[in-house]
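Hello,

Here is the structure I promised to hand over. Please open it first, then read on for what turned up.

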Amino acid sequence: MANFTRRAIMETFISLLEERPLSKITVKDIVDTCGINRNTFYYHFHDIPELVEVIVKEEAQAIIQKYPSVNSIVDCFDALIEFASHRKRTIMHIFRSVNREMFEQNLMEISEYFVQNYIDTALAGEMISREDKKAIIDYYKCVCFGLIIDWLNHGMTEEYAQSIRRIILLKKDYTLEMARSLQKQF
C-alpha cells in the first residue's frame with residue numbers, strides 16, 4: 001500500500017506540474033488533489049524538492065534501462081531528447097525552477113552513461129589508454145549535455161532539436177579519429 005500511495009503522490013505532482021510552474025505547487029495542492037493528508041505526504045517525502053529529485057532520478061533510470069546499448073553519438077542524443085521530451089511541460093517547469101542544479105546533475109549523469117556506452121562500442125578493439133578514452137567520453141558528454149541545455153533554453157522545439165541533431169551528425173564518425181589523434185600526440 002505504501003508504494004501505491006508513494007506512486008500516487010508522484011503522479012499527482014507530475015499532473016500538477018503539467019498545469020503550472022513548480023513554484024506555484026504546494027504540499028497542500030498535492031494532498032488535496034491526491035486525497036491524502038499532509039502526514040501521509042511527509043511519511044513518503046521530506047518536502048517538494050525531495051519529491052522532484054526522486055521523480056527525476058526514476059525517469060533517468062527508466063530511460064537508461066530502455067537503452068542498454070547505443071551504437072552512435074546520434075543515438076545518445078536521441079535518447080537524451082526522448083528523456084527530456086517525455087513530459088515537456090514538467091521538464092520545463094523543473095528546469096526553470098530552483099531545482100535546476102539537481103536536474104542538470106541528473107542530465108549530466110545520463111549523458112555520461114549514454115556516451116560511455118557508445119564509446120565502449122565505438123572503440124572496442126582499439127588500443128587506447130584509459131586517460132584518452134576518458135577524455136573522449138568527457139568531450140562527448142559535455143557536448144551532448146550542452147546541446148540539450150541549449151535545446152531546453154530554446155523551449156524544447158522540434159525544429160531546434162533537428163538543428164542540433166544535424167550538428168551531431170557532422171561529428172558522428174569523429175570518435176575513432178579522436179582516439180587515433182590522441183594516440184599519436186602522447
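Start with the largest cavity, whose volume is about 100 Å³. Keep in mind that this is a predicted model. The structure holds one cavity of 30 Å³ or more.

Which residues line the largest cavity? The lining is made up of Ile14, Ile55, Val56, Glu59, Phe83, His86, Arg87, Thr90, Ile91, Ile94 and Phe103. Two elements give two or more residues to that lining: helix H4 (48-66) and helix H6 (88-95).

Next, helix H9. This helix covers residues 158-170, 13 residues in all. From first C-alpha to last, H9 reaches 19 Å. That is close to the 18 Å expected at 1.5 Å a residue.

Which residues of H9 are buried? They are Ala161, Ile164 and Ile168. Viewed down the axis of H9, the buried residues fall within an arc of 65°, so they line one face of the helix. The face turned away from the buried side of H9 carries Glu159, Arg166 and Leu170, which are exposed. What covers the buried residues of H9? The cover includes helix H5 (73-85) and helix H8 (130-153).

Two residues in those covering helices deserve a look.

Phe77 sits in helix H5. Is Phe77 buried or exposed? Phe77 has a relative accessible area of 2%. The cut-off for buried is under 20%, so Phe77 counts as buried. Leaving aside neighbours within four places in sequence, Phe77 is in contact with Ile148, Ala161, Ile164, Arg165 and Ile168. Among these are the buried residues of H9, namely Ala161, Ile164 and Ile168.

Lys141 is found in helix H8. Its relative accessible area is 12%. That value is under 20%, so Lys141 is buried too. What does Lys141 touch, once neighbours within four places in sequence are left aside? Lys141 is in contact with Met108, Ser111, Glu112 and Val115.

How far apart are the C-alpha atoms of Phe77 and Lys141? They are separated by 10.0 Å. Along the chain, the two residues are 64 residues apart.

Then turn to H9 and find its buried residues, Ala161, Ile164 and Ile168. Finish with Phe77 in H5 and Lys141 in H8.

Best wishes

Note on methods. Residues are numbered from 1 along each chain as its sequence is written. This is a predicted model: local features need pLDDT of at least 70, side-chain atom pairs count only at pLDDT 80 or more; totals for chains, interfaces and linings use all residues. Side-chain values use heavy atoms; hydrogens and water are left out. Helices (H or I, at least four residues) and strands (E, at least two) are DSSP runs, numbered from the N terminus. The expected span of a helix is 1.5 Å times one less than its number of residues. Buried means under 20% relative accessible area, exposed over 50%, partly exposed in between (1.4 Å probe, protein chains only). The arc is that of the directions from the helix axis to the C-beta atoms. Contact means heavy atoms within 4.5 Å. On a 1 Å grid over the protein atoms alone, a cavity is a set of points where a 1.4 Å probe fits but cannot get out, and a pocket is an open set with protein on both sides within 12 Å along at least five of seven lines; lining residues have an atom within 4 Å of a point. Grid points are joined across faces, edges and corners, and a volume is the space filled by probe spheres set on the points.
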